[in-house]
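This report concerns a single predicted model. The sequence and structure are shown first.

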Amino acid sequence: MGVNREAVESLKVDPAASAIHRSLGFYYGNDEHDAALDAFYAQFVRPGDLVFDVGSHVGDRIGSFRRLGARVVAVEPQPLCVRAIREIYAGDRDVIPVEAVCGPAEGTLQFYVNSANPTVSTASTDFVKAADGASGWQDQVWDEQMEVPATTLDHLIKTYGTPAFTKIDVEGFEGSVLAGLSRSLPALSFEFTTIERAVAVNCLDRVAALGFTTFNVAMGESMTLEFDRWLSREEMAAHVLALPHEANSGDIYCLP
């Protein structure tokens, strides 16, 4: 099973899905982008693997993980994004949507919605504060709130099994996601931004305490690891702290 192209095209013209039209246009229908995703994630994902996609948004990474032969647990709290995932991967029993925030404990959490740009919606009030007035973030407004279910990585592991790879992209809430994990995993990535470098350093401390020992980074949507060798926690922390503000964001990859 793969991406249902008809569902994507239908969502692109559905007025009720207007908030995600830009994301759908960017992430779906770009064969070059898909090939870059697949080549990159093939370093971490093999046929038959289980992958946790925490912060799935409209599910473009799900498509890559499925093309690589993995089963995907897709964790996403925004109802419109979950609707998109369900429709785009309708009938694919190896895509398991979980409509929730992943955090430090099970229960419920407040979620802050950027209705004009849902990709940066977040459960982190600190992220919203850090973006306020920051260069490059001036037009971002979190104008809605909703209470959403919360789960943990430990609970997902208990329910679905141990993932070969876990992708965490949750707009400043990465540390809280990692607080709900009590063990090392085969491979993991978490997003960071230059408006919240301390969050990235704290995440590095957390994953190091869990048993991860080597690290690399891919900036933005480059789908390319920056370093030819894997770095220590200290080296990666120093690299993140030295990045220019304009670097904006990236994903740190972690191996035991």
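The sections below treat a sheet, a group of aromatic rings and a helix.

## Basis of the description

The model is predicted; local features need pLDDT of at least 70 and side-chain atom pairs count only at pLDDT 80 or more, whereas totals for chains, interfaces and linings use all residues. Residues are numbered from 1 along each chain as its sequence is written, and side-chain values use heavy atoms, with hydrogens and water left out.

Helices (H or I, at least four residues) and strands (E, at least two) are DSSP runs, numbered from the N terminus.

## The three-stranded sheet

Three strands form an open sheet in the order β4-β6-β5, with mixed pairing; two strands pair if DSSP finds at least two bridges between them. Because β4 (101-102) and β5 (107-113) each have a single partner strand, they stand at the edges, and one side of each is left without a neighbour in the sheet.

Strand β6 (residues 144-151) pairs with β4 in the parallel sense over two bridges. The bridge partner of C102 in β6 is T151. In general, strands of a sheet pair through backbone hydrogen bonds, either parallel or antiparallel.

## Aromatic pairs around F165

Across the whole structure, a search finds 13 aromatic pairs. Rings of Phe, Tyr and Trp (its six-membered ring) pair if their centres lie within 6.5 Å; planes under 30 degrees apart count as stacked, over 60 as edge-to-face and the rest as tilted. One of the pairs is stacked: F44 and F165, at 5.3 Å centre to centre with 20° between the planes. This pair links distant parts of the chain, since F44 lies in the loop between α3 (31-41) and β1 (50-54) and F165 in strand β7 (residues 165-168), 121 residues apart.

F65 and F165 have ring centres 6.1 Å apart and planes at 65°, so this pair is edge-to-face. Here too distant parts of the chain are linked: F65 belongs to helix α4 (residues 60-67) and F165 to strand β7, 100 residues apart. F44 and F165 are both buried (under 20% relative accessible area; exposed is over 50%, partly exposed in between; 1.4 Å probe, protein chains only). F65 is also buried, with a relative accessible area of 0%. Ring pairs link F40, Y41, F44, F65, F165, W230 and Y253 into a cluster.

## Helix α1

In helix α1 (residues 5-12), the buried residues are A7, V8 and L11. Seen down the axis of α1, they fall within an arc of 100° and therefore line one face of the helix; the arc is that of the directions from the helix axis to the C-beta atoms.

The cover over the buried residues of α1 includes α2 (21-27) and α5 (79-88), contact meaning heavy atoms within 4.5 Å.
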